[in-house]
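Q: Hi! Could you walk me through this model?
A: Happy to, here it is.

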Amino acid sequence: MSAPVHVRGSIIIPVTELQWRFTRASGPGGQNVNKVSSAVELSFDLAASTAIPEPLKLRALDRLAGRLVDGVITIRAEEHRSQWRNRQAALARLAALLHAATGPLPKARRATKPSRGMNERRLDNKRRRSTTKQMRSRPDY
C-alpha cells in the first residue's frame, strides 16, 4: 500500500482520502502493453478533505479552480512501465501541486522607476546602435 502524502508542515493526507484507478497505458511496454494496467489515475476530493485546514483548503480551491471538477483533483501518470512507479509519480505530483496551492502568496512587486543614469545609458546605446546600422547602409550620393 502507498504511504500518506506529506503536503507541508504537519499537513498529511491519509491514504483513505485517495482514490486510485488503473488503466492500460499507451506507449512502451513490450509484451505487457496489452495485458497490464500500468497507467494510474489518482483522485483526491479537495473540497471534502478533512486533512487540510479550512483556510488552506479555501486558498487551494481558489488557486486550483481551473483544474478541479466538482472539487476533485485528478492526476494521471503513465510515463513509467510499472504501475508502482506510476503510483509514486502521481503521489509526488499531487504533493507538489498541493504544496504550491496552499503556500503563501508571493510578495507583491513594488513598481520602481529606472534611474536617470540608466536611462541615459540606454538612450546612448540606442544612438550608438543607430549610427552603426546607418553606416552599414548603401551611401546615398
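Q: Let's start with threonine 102: is it buried or exposed?
A: Threonine 102 is buried, with a relative accessible area of 2%; buried means under 20%, exposed over 50% and partly exposed in between, using a 1.4 Å probe and protein chains only.

Q: Before we go on, where do these values come from?
A: This is a predicted model, where local features need pLDDT of at least 70 and side-chain atom pairs count only at pLDDT 80 or more, while totals for chains, interfaces and linings use all residues. Residues are numbered from 1 along each chain as its sequence is written, and side-chain values use heavy atoms, with hydrogens and water left out.

Q: OK, which helix holds threonine 102?
A: Threonine 102 lies in helix H2. Helices are DSSP runs of H or I with at least four residues, strands are E runs of at least two, and both are numbered from the N terminus.

Q: What does the threonine 102 side chain reach?
A: The backbone oxygen of leucine 98, at 2.7 Å. There is also a polar contact of 3.0 Å with the side chain of arginine 8. A polar contact is a pair of N or O atoms within 3.5 Å; within protein, one must be able to donate a hydrogen and the other to accept it, and residues adjacent in sequence count only if both atoms are side-chain atoms.

Q: Switching topic: in what order do the strands of the open sheet run?
A: The order of the 3 strands is E3-E4-E5, with antiparallel pairing. Strands pair if DSSP finds at least two bridges between them. E3 (18-23) and E5 (72-77) are at the edges with a single partner strand each, so one side of each has no neighbour in the sheet.

Q: And how many bridges join E4 to E5?
A: There are 6, and serine 43 has threonine 74 in E5 as its bridge partner. E3 and E4 (residues 39-45) also pair over 6 bridges. Leucine 18 stands opposite phenylalanine 44 there, and arginine 21 faces glutamate 41.

Q: Why is E4 described as largely enclosed?
A: Because 6 of its 7 residues are buried.

Q: Last one: which residues touch the most other members of the largest nonpolar core?
A: Leu18, Phe44, Leu46, Ile73, Leu94 and Leu98, out of 26 residues in that core. Such a core is a set of buried Ala, Val, Leu, Ile, Met, Phe, Trp, Tyr and Cys residues joined through side-chain atoms within 4.5 Å. H2 gives the largest share, 8 residues.
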